[in-house]
There are 2 protein chains.
Amino acid sequence: MNSVKMQPARKSRAAKKPGKTPAVPQAARAYHHGNLREKLVAATEALILERGVDGFSLREVARRAGVSPAAPAHHFGDTRGLLTEVAMRGYADFGDVLAAADARGGNDPAKRLHEQGQAYVTFALKNPARFALMFRTDKVDITDAKFLEISNRSFRTLEGAIRAATGTEAEEELSPDGFGLLMAVWSIVHGFSHLALGGEFDYAARMRGGKEAILKSFLPLTLKHLPLPSGNIQKAR
Amino acid sequence: MNSVKMQPARKSRAAKKPGKTPAVPQAARAYHHGNLREKLVAATEALILERGVDGFSLREVARRAGVSPAAPAHHFGDTRGLLTEVAMRGYADFGDVLAAADARGGNDPAKRLHEQGQAYVTFALKNPARFALMFRTDKVDITDAKFLEISNRSFRTLEGAIRAATGTEAEEELSPDGFGLLMAVWSIVHGFSHLALGGEFDYAARMRGGKEAILKSFLPLTLKHLPLPSGNIQKAR
DNA sequence: ATCCCGATCTAAACAGTGTCAAGTCGAAGG
DNA sequence: CCTTCGACTTGACACTGTTTAGATCGGGAT
């Protein structure tokens with residue numbers, strides 16, 4: 001029944017013969033419409049935003065892009081390939097956001113960490129679907145070289161601030177305490193993001209100022225306890 | 001081809017007629033084998049341990065329990081119902097573990113928090129599949145009354161330690177700073193768990209002592225930065 | 001002892017999914 | 001011109017969760 005649903009669009013090919021072939025290939029519905037790859041990525045981002053990462057369906061994406069279910073395979077191999085691409089784009093933006101935050105911190109290590117932490121959570125809450133996908137290691141090919149490279153950039157800007165905070169040169173290994181600080185900072189911002197996205201703060205938010213309170217109130221209150229390189233952390237120079 | 005693969009097992013039902021009906025209904029394969037509900041739960045836990053939460057399949061579970069695909073529906077409604085039940089059992093154990101850790105802390109609020117934090121992560125890493133499921137709010141019916149009650153218990157034991165730390169009575173609301181401390185502690189242990197389970201520490205673990213280093217080394221190093229009720233947190237009495 | 005009833009499970013079907021093997025189309029290069 | 005090659009479609013296969021209708025059994029009431 002619905003296998004026929006799509007047919008009329010294809011039958012309208014007859015209209016192409018007599019009329020002038022449209023000079024503007026804007027909404028090209030031919031075999032090669034050029035930008036399918038981008039269209040699929042866009043459709044995927046929209047879909048996971050609507051239905052969540054697990055609500056994603058390759059066929060649905062193909063449907064929205066106006067192509068057959070097998071078309072995406074030619075560009076991305078399989079579902080995992082498409083999702084990996086989308087995750088990579090997420091990491092690209094994420095890396096930019098973190099780098100910008102790091103820069104705002106100037107040469108104050110504590111401020112760099114705080115700015116990055118705030119940016120981390122803000123990105124997560126403003127891009128819930130992309131963020132969720134980025135850390136869904138089961139949906140993404142984490143062995144992909146390009147993916148590894150681009151996702152590591154985000155990690156390295158956090159590590160950079162930690163190195164500055166502990167006075168660790170680029171070539172030497174992070175001390176255990178420095179590494180502990182790194183994990184602690186990463187854990188707290190990642191945990192907050194994950195809990196918030198999982199709706200774990202929703203009840204509290206309802207009591208304490210609505211949904212927007214999470215970013216405007218809960219996050220600052222939490223970041224007050226962001227581990228800082230002050231105690232017994234070795235700070236050289 | 002492989003739709004036939006499973007048939008012989010079902011055809012062996014004929015072996016029941018001529019032989020003596022087994023007096024011991026141990027591996028009962030009759031219509032009512034009594035403990036199907038438990039069997040399904042056990043099969044589900046095994047399956048998500050093997051293939052992850054998303055590798056779960058209701059039909060596969062039914063197959064392992066030796067029943068038809070529609071059998072689980074009668075006990076759990078649908079897939080979500082079954083997963084909700086499994087998540088509840090996870091929360092039951094989780095709550096026990098946290099309560100025991102809390103008790104180990106005696107009346108030292110800082111120690112109570114630290115013990116709970118350590119227990120939190122340890123549970124997550126030793127029960128990866130259950131833990132992942134417990135926080136997959138899309139796979140679980142978080143509106144289920146029984147689920148809410150049992151999952152809130154875990155949250156409340158953490159809150160209890162925070163209340164003790166900030167000297168907040170049971171009937172009064174947590175102060176903003178106390179609430180911030182609560183979120184910070186929760187975030188850091190939850191974030192650590194999530195990152196570790198996502199394999200995000202694997203590369204570092206390979207460099208710094210293998211997989212077991214995560215619990216034995218990484219976790220203590222991280223928990224050094226567990227927020228403590230010392231600074232400007234209001235501590236009454 | 002029998003009947004029946006409700007709980008339990010099966011069988012068959014439906015709509016949906018991802019992926020694969022062939023085939024078709026259209027443009028670009030020999 | 002015509003061949004080749006990348007982009008896309010078609011149709012199939014195996015699998016999924018859920019629904020419907022029917023088969024089976026255990027246990028209480030008569």
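This is a predicted model: local features need pLDDT of at least 70, side-chain atom pairs count only at pLDDT 80 or more; totals for chains, interfaces and linings use all residues.
Residues are numbered from 1 along each chain as its sequence is written, and chains are lettered from A and ligands numbered from 1 in the order in which they are written.

The two helices, residues 79–104 and 145–166 of chain B, pack at an angle of about 20 degrees with their axes 9 Å apart; axes are lines fitted to C-alpha atoms, for helices over the stretch in contact, and angles run from 0 to 180 degrees between N-to-C directions. Their crossing is left-handed (the near helix is turned anticlockwise from the far one by less than a right angle; clockwise would be right-handed). Among the residues in contact (C-beta atoms, placed from the backbone, within 7 Å) are B:Ala87, B:Tyr91 and B:Leu98 of α5(B), along with B:Phe147, B:Ile150 and B:Leu158 of α8(B). By class, this contact holds eleven nonpolar, six polar and three charged residues (Ala, Val, Leu, Ile, Met, Phe, Trp, Tyr, Cys and Pro count as nonpolar, Asp, Glu, Lys and Arg as charged, and the others, Gly among them, as polar).

Turning to the chain as a whole, chain A has eleven helices and zero strands, where helices (H or I, at least four residues) and strands (E, at least two) are DSSP runs numbered from the N terminus. Of the 237 residues in chain A, 36% are buried, that is, with 20 or more other C-beta atoms within 10 Å of their own, C-beta atoms being placed from the backbone. Of the contacts in chain A with a separation of 6 or more, 67% join residues 24 or more positions apart.

Between the chains, 27 residues from chain A meet 27 residues from chain B. On the side of chain A, α9 (176–197) and α11 (213–223) each give two or more residues, and α9(A) provides the largest share, 14 residues. That side comprises 13 nonpolar, eleven polar and three charged residues. The same surface serves both copies, as 100% of the contact residues of chain A recur in chain B.

Technical notes. Two residues are in contact if their C-beta atoms, placed from the backbone, lie within 7 Å. A residue is buried if 20 or more other C-beta atoms lie within 10 Å of its own, exposed if 12 or fewer, and partly exposed in between; C-beta atoms are placed from the backbone.
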